[in-house]
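This report turns to aromatic rings, to charges placed over rings, and to a few backbone features. Please keep the sequence and the structure at hand while reading.

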Amino acid sequence: MVRWLNAAMPSLLIKRFPYGLGIVLILLSPCIARAETPDFAEEELTTVEEPESDQATETTDVSAGDANPSITLTGQVWRTKPGIVFLKTPVGLLTLSSKTTLKNVLASQAVTFWVHDVHSAIDIRKRSDGSLIHRYLGGPFKRSDDDPTKLLRWSPEGEKAVAFGAYERSLAGFREGDPVTVEVDETDTVVGVHDVQFDLQIGQLPTGRSAAHLVLTGTVDKLKSNFIFLRTPIGIINVNAKIGIKDVRVGHTMTLYIHARHMVADVSAPHAPSTTRRFVTGPLEFAAPDRTSVKLWTPEGEQIYPLDSVHHGKTALAGLKEGHTITAELNGRGDVVDFHRPH
């Protein structure tokens, strides 16, 4: 769960997300926050498949060299309250909240959410034609070297300089590196300075066509029921262990990769120099006609895992049709030690 910080808020708040955006956070880096929104972790949510009309930026393949943290999700409006929007995304519930904006988000609008290192962005667009309604860009305050009346911002299209517009006086008090979230229009001019917060729960694997993307490393802070509370640079997020993660312990380090319908979780024990277990989850695809091996996506590319590498490999997947979700559990050497059927 996460939140965006108000520009006026101090950077040492507990449970805060950098630069106005946050997943339930414990401040591990400046400006991270957590939104105080209802916990819907146990509620059943319909998995979202992003429709053709959505204007979400298509994600490229996830790799180990991507920014970390890195998130791209498009959500459908599920519920709204004044200043609070609950969104169903391909991986779970995303909540946006603000005291100064988000007053009239409609079900006819699509919301796309990005995190890129210490930067964040939210686009709200009409589903019908993709036209922009709101864009929020969060990150450290940095003036353009070419024009001191412009602010350098990361955006899904790359870094750009946005004009202060009528908010030059409001932004004059910020120092280099201070967290700030601004709303910009289609001309890349600031049209608002807001307190926007977010809260994300990873409760499911995407199905069907999805541009879902996530790279995130953290330390297991708590275990409760089927949920792993992962302490990350952007806060503490809930991860449902039923998506294919087994026997994680408090103190373990975990890196999650999500790409389309695929998920990889790299787990290591405290102070371990490298990964001690890897869980590779995705749709079943046999790598050969004799069905003696399976092919699964990983951040390093597609890998083939022989079913006879474990004594009950074929039995574990017996009767499953291609497309059914499976998990291959690997040891620190990259050898398969088990196959699972996620719940």
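The paragraphs below take up the ring pairs, then the charges over rings, and then the backbone.

The model is predicted, and the count of aromatic pairs in this model comes to 3. Between Phe113 and Phe198 the ring centres lie 4.4 Å apart and the planes meet at 65°, which is over the 60 degrees needed, so this pair is classed as edge-to-face. Phe113 belongs to strand 4 (residues 109–116) and Phe198 to strand 11 (residues 196–202), so the contact ties together parts that are 85 residues apart in sequence. Phe113 is buried, and Phe198 is buried as well.

A stacked pair is formed by Phe141 and Phe174, with 5.7 Å from centre to centre and 20° between the planes. Phe141 is placed in the loop between strand 6 (132–140) and strand 7 (150–153), while Phe174 is placed in the loop between helix 1 (168–171) and strand 9 (179–184), so this pair ties together parts that are 33 residues apart in sequence. Phe141 has a relative accessibility of 1% and counts as buried; Phe174, at 15%, also counts as buried, because the limit for that class is under 20%. Ring pairs also join Phe141, Phe164 and Phe174 into a cluster.

Charged side chains are found over two further rings, as follows: the charged end of Arg79 sits over the ring of Trp78, at 4.2 Å from the ring centre, and Lys222 lies over the face of Phe229, at 4.6 Å from the centre of that ring.

In the backbone, Asn68 and Pro69 are joined by a cis peptide bond, with omega at about 10°, and Pro69 is found in the segment before strand 1 (70–81).

Where do residues other than glycine take a positive phi? Ser225 and Asp247 are set out in the table, each with its phi, its loop and its relative accessible area.

| Residue | Phi | Loop | Relative accessible area |
|---|---|---|---|
| Ser225 | about 55° | between strand 12 (213–224) and strand 13 (227–232) | 65% |

Terms used
Residues are numbered from 1 along each chain as its sequence is written. This is a predicted model: local features need pLDDT of at least 70, side-chain atom pairs count only at pLDDT 80 or more; totals for chains, interfaces and linings use all residues. Side-chain values use heavy atoms; hydrogens and water are left out. Rings of Phe, Tyr and Trp (its six-membered ring) pair if their centres lie within 6.5 Å; planes under 30 degrees apart count as stacked, over 60 as edge-to-face and the rest as tilted. Helices (H or I, at least four residues) and strands (E, at least two) are DSSP runs, numbered from the N terminus. Buried means under 20% relative accessible area, exposed over 50%, partly exposed in between (1.4 Å probe, protein chains only). A charge sits over a ring if NZ of Lys or CZ of Arg is within 6 Å of the ring centre and within 35 degrees of the ring normal.
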